[in-house]
Amino acid sequence: MASTKLPARQRLLDAADKLFYAEGVHTVGIDRLIEEAGVAKGSLFYNFSGKDDLVAAYLEGRDHQRRERIARFQQGLDDPVDKLLAIFDALQETVSSPGWRGCPFANASAEALPGSVEAEALRAFRDWLSNAMLSLCEEAGFVEPAGVAARLRLLYDGAVSNSNLDAQPEAVGWAKELAAKVLHDSPRASE
């Protein structure tokens with residue numbers, strides 16, 4: 001009879017996702033991960049070159065989740081302004097999830113050195129989000145798309161921080177209201 005047990009790599013990723021997000025990548029050791037995953041120590045080094053490689057895979061998974069969630073909220077929308085506001089709807093779902101403990105990229109890179117896998121993952125997600133916002137601002141025809149996108153990123157970042165630090169998931173709704181005002185008040189080339 002075939003076993004329904006997940007492969008060791010997936011069990012390690014699941015354990016890393018759970019422990020790294022709840023407790024931090026710098027406080028969770030290899031032995032704890034191996035115990036949580038229920039794998040032999042050799043399985044870690046067979047599937048990953050070390051802890052940094054596992055941290056990078058964990059953050060890549062979180063990046064993928066964020067991008068997919070945003071895409072799901074933007075699905076069926078044609079107006080770039082609606083797509084920009086949908087980013088805040090996706091964030092609202094994230095911060096309202098049980099166990100929300102803040103941005104996994106910021107949390108992981110808080111104590112990391114420049115150039116670390118944590119810092120690179122944070123930069124990759126931030127660059128992707130910035131480029132997505134800028135592209136939609138350009139598509140919407142704003143006269144100063146970079147400025148509009150920068151204001152939206154500031155609101156997004158504030159909502160992420162406030163929802164975590166002050167335990168106020170409603171901060172995302174407030175940020176979305178302000179984002180709608182920024183988008184409404186920003187001049188467009190066609191006006």
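Helices here are DSSP runs of H or I with at least four residues, numbered from the N terminus. This is a predicted model, in which local features need pLDDT of at least 70 and side-chain atom pairs count only at pLDDT 80 or more, while totals for chains, interfaces and linings use all residues. Residues are numbered from 1 along each chain as its sequence is written, and side-chain values use heavy atoms, with hydrogens and water left out.

An α-helix has 3.6 residues a turn, so residues three or four places apart point the same way. Just after H2 comes Gly38, with a positive phi of about 70 degrees.

Now to the aromatic residues. The structure holds four aromatic pairs, where rings of Phe, Tyr and Trp (its six-membered ring) pair if their centres lie within 6.5 Å; planes under 30 degrees apart count as stacked, over 60 as edge-to-face and the rest as tilted. Two of these pairs are set out here:

| Pair | Centre to centre | Angle between planes | Type |
|---|---|---|---|
| Phe20 and Tyr58 | 5.4 Å | 70 degrees | edge-to-face |
| Phe105 and Phe125 | 5.0 Å | 10 degrees | stacked |

Phe20 lies in helix H1 and Tyr58 in helix H4, so their pair ties together parts 38 residues apart in sequence. Phe20 is buried at 3% relative accessibility, and Tyr58 is buried at 4%.

Arg62 lies over the face of Tyr21, at 4.1 Å from the ring centre; a charge sits over a ring if NZ of Lys or CZ of Arg is within 6 Å of the ring centre and within 35 degrees of the ring normal. Leaving aside residues up to four places away in sequence, Arg62 touches Asp17, Tyr21, Pro104 and Phe105, contact meaning heavy atoms within 4.5 Å. Elsewhere, the charged end of Arg188 sits over the ring of Phe142, 4.9 Å from its centre.

Notes
Helix = DSSP H or I, 4+ residues; strand = E, 2+ residues; numbered from the N terminus. Buried < 20%, exposed > 50% of the residue type's maximum accessible area, 1.4 Å probe, protein only.
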